[in-house]
Amino acid sequence: MFTILVYKSRVQIDMSASDVYQLVKAAAVKNANRDISGVLLFDGDYFLQYLEGPDGEIRDLYNSISMDSRHRKIVKLMEDQSPTRRFGVWYMHAIDVNTLHGDDLNEILSQGASFQPVNLGLPSHDRVLKMITAFASASWTDNDSHFEPENWEFQIKPSQFNAVVNTKNAAPCQFAFQPILNPISGEVSSIEALIRSQSGGPPSDCFKGLSPEDLYLFDLESKQYAFELASQMNLGKCKLSVNLLPMSLVRIPNAVERLLSYITDVGLVPQQVIVEITEEESITNFEDFQSALKSLRSAGISVAIDDFGAGFAGLTLLSRFQPEKLKIDRQIIDGVHYDGPKQAIVKAIIECAHSLGITIIAEGVETVEEWCWLQSVGVDLFQGYLFARPKLNGTPDIQWPVLKQV
Ligand SMILES: Cc1cc2nc3c(=O)[nH]c(=O)nc-3n(C[C@H](O)[C@H](O)[C@H](O)COP(=O)(O)O)c2cc1C
């Protein structure tokens, strides 16, 4: 069994075709010792490399290649297992796609596959061959070179919101607040209220030991403290986001009316509030859920789908209900700048959401590399440690990206 790996990368320094052939000549000698075979395609700006061989050797080599300063923006497109090699006759073979004509590529690839004990030809639905063909036929470009991590530095700017807030009543929980922002326009779009236990512990501490019905009631009633705190923040045009389990809207009688009275009791208006539907559980009665959503919308409250792409918050929900905002789950965001499958998923979500007029939020953004990639493909709003950590009973300072002066 072999491990197979495909990545793409961007040529870092001016490398001529002969430089690449030199690199591949040296690589082939080393690969022979490691039992690795494959192809390296290049078009002057980008590389696409396919590697096949023993698992440990492929991992070691990919680590070295990832750290090689002759290229950058290395994105792994595929890692899989295969019973046979595709290009066993080559320890590494270079293909300059600028020199290809007509059926050249197929002929070259067939030659590479010609060692196979039973020559089955090139399978037409082979993912590796499809990636190679796509690279050879299209020019791959980056979206916007302006969003290069090295061009940006971060500066803390004074917050426009009140930094410390308090509840008048003894609350059974606390809230930490984290901004959701547009780093380019410098606007804070909303502030999310994240529930914490009375001692500031994680959300799970608040819900521990509650029966399902008590949990829905607590989920709903706890929001009054979030609204009370937010009413002291000087929100202005910025909105407050609160999380709600979908079944809290269904199971608690008059849930929407209760939510509205919590909002108006502290002097906020429904238009200042976004309800983020955290779909951790399946929605058992969609008709009732949909009618609760209608009441929220008709009262002026915005709705967002939270954790999109995780658990139940997926395409079926989106096909039945289109929110104003959609938050891509943090697990998809984590390491998106070097992960090909995640990149393909994020681009597809953005295209789908934008065609429906839905604003996309990336949550859990922690590195400048993640932000730059997400910004360049059109994510609208951002939330994460890179910009601000949640602050208990107050609004945190925000680190804004600023273009470095050259
Ligand atoms: C696009 C690209 C492809 C590479 N492919 C290989 C390869 O297939 N095999 C290899 O040994 N080194 C390859 N290298 C070089 C490695 O990054 C690294 O320089 C080399 O493995 C270091 O070998 P050493 O530790 O023996 O000096 C490649 C480098 C680049 C930029």
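Here are some questions and answers about this predicted model.

User: Before we start, what is counted at which pLDDT here?
Analyst: Residues are numbered from 1 along each chain as its sequence is written, and side-chain values use heavy atoms, with hydrogens and water left out. As this is a predicted model, totals for chains, interfaces and linings use all residues, local features need pLDDT of at least 70, and side-chain atom pairs count only at pLDDT 80 or more.

User: How many helices and strands does the chain have?
Analyst: Helices (H or I, at least four residues) and strands (E, at least two) are DSSP runs, numbered from the N terminus. The C-alpha trace spans about 75 × 50 × 35 Å along its principal axes. Within that, the chain has 14 helices and 16 strands.

User: What share of the 406 residues counts as buried?
Analyst: Buried means under 20% relative accessible area, exposed over 50%, and partly exposed in between, with a 1.4 Å probe and protein chains only. By that rule, the share of the 406 residues that counts as buried is 50%.

User: Which feature does UniProt place at residues 2–93?
Analyst: UniProt positions follow the numbering used here, feature names are shortened, and annotations may be inferred rather than shown by experiment. Over residues 2–93 the chain is 33% helix and 40% strand, with the end C-alpha atoms 18 Å apart. The UniProt record, an unreviewed entry, calls that stretch "domain: BLUF".

User: Which element gives the most residues to the shell around the ligand?
Analyst: A residue is near a molecule or strand if one of its heavy atoms lies within 4 Å of it. There are 15 residues around the ligand, and Lys-30, Asn-31, Gln-49, Asp-68 and Arg-70 come nearest. Giving the most to the shell, with four residues, is α1.

User: How far is a polar side-chain atom of Asn-31 from a nitrogen atom of the ligand?
Analyst: A polar contact is a pair of N or O atoms within 3.5 Å; within protein, one must be able to donate a hydrogen and the other to accept it, and residues adjacent in sequence count only if both atoms are side-chain atoms. For Lys-30, an N or O atom of the side chain sits 3.1 Å from an oxygen atom of the ligand. For Arg-70, the distance from a side-chain N or O atom to a ligand oxygen atom is 3.4 Å. For Asn-31, the distance to the ligand nitrogen atom is 2.7 Å.

User: Where does Glu-148 lie, and what joins its side chain in a polar contact of 3.2 Å?
Analyst: Glu-148 is in the loop between α4 (127–137) and β6 (152–157). Glu-148 counts as buried because its relative accessible area is 6%. The polar contact of 3.2 Å links its side chain to that of Lys-73.

User: Is Lys-327 buried or exposed?
Analyst: Lys-327 lies in strand β12, and its side chain makes a polar contact of 2.7 Å with that of Glu-192. Contact means heavy atoms within 4.5 Å; leaving aside neighbours within four places in sequence, Lys-327 is in contact with residues including Ile-180, Asp-306 and Glu-363. Its relative accessible area is 0%, so Lys-327 is buried.

User: How far apart in space are Lys-325 and Gln-155?
Analyst: Lys-325 has its place in strand β12 (residues 325–328), and its 14% relative accessibility is why Lys-325 counts as buried. Lys-325 and Gln-155 are 170 residues apart in sequence. From C-alpha to C-alpha, their separation in space is 27 Å.
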